[in-house]
Amino acid sequence: MKNAFIALSVVLASSVFAAPHHSEISVKLVPERREYIVGERIRAIVDVANSSAESIDVGKPGSADILRIEVFRARDMASRDRVGKKPLVAPFVLHSSEGQKLETFIGDHFALHDPVRYLARAVLVHGSSRYESSLVSFDIVPGMTVGRAMQMFSNRPGLKRTFELVYWMRGQREHLFLKASDEGGRVWRTTDLGALLRITDPKISVMPNGEVVVLH
């Protein structure tokens, strides 16, 4: 019986050490939407909570703490390269038992112009540890075209800029968007023009002075 008691004690002790360890630092990435039009800003919130006894300091000169965002194309998990070196979020300090929600615009830091599904996660590097959020998905979509106009530039021969009106469901309503892209591949920022009114078809035109007019 004594040997059986010792064996049972060893099993119980092993179970205790094998129990899941809950991280003292948690990171979440929450996109504002699940679908974005090509060229639209991709707003998301990075939610960081610090339950450890240490402080987290991201953005301070000399600090080793780093916040990253990693983006992958969903169909093959090919990673997307970051564009530029602007900070992903504003600098922040989290003391023990503090949390903070930080705004970021993923499309400002990654060239996500292909209309496909993407996966993204936030990663906090603190000390020798890496704390990851779960992967979240969002789609880049082209929208449904309802109007198009071309702009030429007298001072830049060969440059052609296409303006396009597209619509897509946003919430419970169809929204109208204005897209712009250059023939060389540059994509300009897409603008949400609000709910689409079906009384008359929206129209777009480019004036001789270069002004773009949308009747909506």
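1. Accessible areas come from the Shrake-Rupley method with a 1.4 Å probe, and for residues only the protein chains shown count as cover. Computed in this way, the accessible surface of the protein chain comes to about 13,500 Å², and carbon and sulfur atoms hold 54% of that surface.

2. A word on the source: this is a predicted model, in which local features need pLDDT of at least 70 and side-chain atom pairs count only at pLDDT 80 or more, while totals for chains, interfaces and linings use all residues. Residues are numbered from 1 along each chain as its sequence is written, and side-chain values use heavy atoms, with hydrogens and water left out.

3. Turning to the fold, the protein chain has one helix and 17 strands, where helices (H or I, at least four residues) and strands (E, at least two) are DSSP runs, numbered from the N terminus. Taking contacts (heavy atoms within 4.5 Å) with a separation of 6 or more, 54% of those in the protein chain join residues 24 or more positions apart.

4. On burial, 35% of the 216 residues of the protein chain count as buried. Here buried means under 20% relative accessible area, exposed means over 50%, and partly exposed lies in between (1.4 Å probe, protein chains only).

5. Side chains of opposite charge can pair when their charged atoms come close. The structure holds 15 salt bridges, each being a side-chain nitrogen of Lys or Arg within 4 Å of a carboxyl oxygen of Asp or Glu.

6. One of these salt bridges deserves a look in the model: the side chains of Arg170 and Glu40 meet at 2.6 Å, N to O. Because Arg170 belongs to strand β13 (residues 160-170) and Glu40 to the loop between β2 (35-37) and β3 (43-50), the pair ties together parts that are 130 residues apart in sequence. Both Arg170 and Glu40 are buried, with Arg170 at 10% relative accessibility.

7. Arg170 also forms a salt bridge with the side chain of Asp192 (3.9 Å, N to O). Since Asp192 lies in strand β15 (residues 191-195) and Arg170 in strand β13, this pair ties together parts that are 22 residues apart in sequence. Asp192, for its part, is partly exposed, with a relative accessible area of 31%.

8. Another salt bridge joins the side chains of Arg130 and Glu132 (2.6 Å, N to O). Arg130 is partly exposed at 38% relative accessible area, and Glu132 likewise counts as partly exposed, at 39%. Arg130 and Glu132 also belong to a network of salt bridges that links them with Glu70 and Arg121.
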